[in-house]
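Open the structure in your viewer and keep the selection tool at hand. The stops below say what to select and what is there.

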Amino acid sequence: MSEMHLKDALDTLKTTGVRITPQRHAILEYLIQSMIHPTADDIYKALCDKFPNMSVATVYNNLRVFREVGLVKELTYGDAASRFDFVTGDHYHMICESCGKIVDFHYPGLNEVEQFASHVTGFEVNSHRLEVYGTCPDCIAVGAKKIQ
């Protein structure tokens with residue numbers, strides 16, 4: 001399935017006039033295969049051995065290009081580093097407060113909430129974001145081991 005996502009993403013870049021460089025291809029492939037919602041630094045660390053001349057700035061610049069053409073979403077959480085999500089369709093995030101892991105989950109769209117918010121405030125709603133916070137199974141297991 002990720003091969004098809006990669007091909008579609010590369011086609012999107014080509015049709016928008018973006019040149020496909022080896023670094024761009026590798027960053028995109030990493031984003032598609034990685035379900036961890038990586039930071040630019042995570043991507044850099046994963047690929048720097050393969051591309052020793054690549055800088056963190058190169059990663060940021062490519063992520064900006066991907067965001068501009070709609071291939072990735074940038075997730076910002078306060079002062080923490082932005083994370084990047086290849087899945088741009090409607091979905092939500094479960095975030096571990098202990099380790100920071102982010103996991104996608106799907107739920108029927110919150111269209112009624114958007115309509116209500118628009119009605120009450122007069123705003124024109126463009127999008128929404130839902131985040132649920134808790135403790136992931138790995139951190140729960142570590143916590144249970146400490147108690148024993």
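Start with Val 132, which lies in strand β5 (residues 131-134); strands are DSSP runs of E of at least two residues, and helices are runs of H or I of at least four, numbered from the N terminus. This is a predicted model, in which local features need pLDDT of at least 70, side-chain atom pairs count only at pLDDT 80 or more, and totals for chains, interfaces and linings use all residues. Residues are numbered from 1 along each chain as its sequence is written, and side-chain values use heavy atoms, with hydrogens and water left out.

Val 132 is partly exposed, at 31% relative accessible area (buried is under 20%, exposed over 50%, partly exposed in between, with a 1.4 Å probe and protein chains only).

Next, select strand β4 (residues 102-105).

His 93 has Asp 104 as its bridge partner in β4. Five residues separate β3 and β4 in their hairpin, and Gly 100 in the turn has a positive phi of about 85°.

Move on to helix α5 (residues 111-121). Of its eleven residues the number buried is zero, so α5 lies largely in the open. Gly 122 follows α5 and has a positive phi, near 80°.

Notes: Pairing = 2+ DSSP bridges.
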